[in-house]
Amino acid sequence: MPIKLRQIEAFRTVMREGSMVRASAAMAVTQPAISYMISGLEAAVGFPLFNRQGGKLSATPEAIQLLAEVDRLYQGLESVEAVAHKIANYGNAELRILITQALSAGRIVNGIGKFAALHPGIKIDLDVEHRELITHRVNSGQADLGILSISPGLEDQSSTLFSSPIICVASPDAQISQSAVVTASQLDGVPIVALKASGLIRPMVDKWFHEAGVTPNYTIEVGGAGTAIELVRGGLGVTFVNSFSLMERADSQLQSFGLDNSLELKIGVINSSSLHPNRAAHALMQYLTQIYTESVSDEHS
């Protein structure tokens with residue numbers, strides 16, 4: 001007759017509690033159920049475990065020997081439980097992350113650091129790459145997570161962390177608009193520090209100007225939002241960036257305006273298409289979404 005784990009549990013509990021009454025309370029079962037399990041265990045092992053005399057219960061020498069082995073079993077189960085807890089909290093997880101240059105300095109990377117601090121033992125490999133290479137490496141299984149601005153061709157395989165409005169950033173002394181928004185006609189002839197046409201923001205801004213019948217006065221073209229913002233800070237006209245980029249560098253020296261025809265850039269992640277998704281990657285996505293939502297709330301409070 002095979003030994004059942006529930007019988008072992010009942011035996012250990014009786015040995016620890018000293019009586020079947022207290023053992024039944026500890027296991028939240030009836031006393032007859034405890035007696036039945038002990039009798040079944042005695043039948044399975046082939047020797048008595050307890051002497052019952054005068055209403056008192058005493059363990060046999062064989063029961064004491066068996067308890068030592070049972071305790072070793074439970075110690076092993078406790079070790080398994082500890083390992084399982086560590087795995088559940090990503091303690092042994094490995095996470096390979098790729099991020100674009102535009103997003104590599106600021107709150108997203110800070111958030112990754114905070115996530116790692118919350119989960120000691122997690123191993124993170126974080127690299128900066130171009131958008132095309134990020135997509136290739138994630139799709140080929142060379143990375144678990146890619147963080148980037150979502151282009152039209154990536155919607156089906158990406159998850160949005162947050163949407164970032166496109167805004168107009170002006171130099172401190174620029175006379176642009178008296179309201180919180182700006183129109184394309186108000187920027188007619190104003191020097192513009194433009195992002196490269198190969199990016200995602202420039203085509204959106206070009207279309208905005210075109211629909212308004214205005215030819216933008218692009219004076220300088222740069223590859224990154226940070227560079228554009230610093231040129232404008234120095235007094236050179238205006239630029240167009242997503243609000244997230246400005247959040248990393250904003251101060252009283254800069255003016256910012258929404259656009260009369262609202263434009264948004266989606267910041268998100270692409271995941272490996274593995275049959276076994278990385279749980280830590282999913283948890284990080286949720287965490288980054290949470291901290292960005294909180295940071296936006298703080299900005300407006």
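The legends below accompany close-up views of a predicted model.

**View 1. The division of the chain into three domains.** In this predicted model, the chain is divided into domain 1, covering residues 3-72, domain 2, made of residues 81-159 together with 265-297, and domain 3, covering residues 162-263. The centres of domain 2 and domain 3, taken over C-alpha atoms, are separated by 29 Å.

**View 2. The contact between domain 2 and domain 3.** Here 15 residues of domain 2 are in contact with 13 residues of domain 3. Between them the two domains bury about 1,300 Å², and 65% of this area lies on carbon and sulfur atoms. Of the area that domain 2 buries against domain 3, Arg107, Leu265 and Tyr292 supply 55%, which is more than any other three residues supply.

**View 3. Polar pairs and the side of domain 2 that touches domain 3.** Between domain 2 and domain 3 there are zero salt bridges, while two residue pairs are in polar contact, both at pLDDT 80 or more. On the side of domain 2 that touches domain 3, at least two residues come from each of helix α5 (107-118), strand β12 (264-271) and helix α10 (279-300). Sorted by class, this side of domain 2 has eight nonpolar, four polar and three charged residues.

**View 4. The hairpin of strands β1 and β2.** Strand β1, residues 50-53, and strand β2, residues 56-59, run antiparallel and are joined by four bridges. Within this pairing, Asn51 stands opposite Ser58, a residue of β2. Two residues lie between the strands of the hairpin, in which Gly54 takes a positive phi near 60°.

View 5. Because Glu42 lies in helix α3 (residues 31-45) and Arg52 in strand β1, the pair ties together parts that are 10 residues apart in sequence.

Conventions:
Residues numbered from 1 in each chain as written. Predicted model: local features only at pLDDT ≥ 70, side-chain atom pairs only at ≥ 80, totals over all residues. Heavy atoms only, no water. Domains from an automatic or database assignment. Contact = heavy atoms within 4.5 Å. Buried area = accessible area lost by both parts, 1.4 Å probe. Salt bridge = Lys/Arg side-chain N within 4 Å of Asp/Glu carboxyl O. Polar contact = N/O pair within 3.5 Å; in protein donor to acceptor, adjacent residues only side chain to side chain. Nonpolar A, V, L, I, M, F, W, Y, C, P; charged D, E, K, R; others polar. Pairing = 2+ DSSP bridges.
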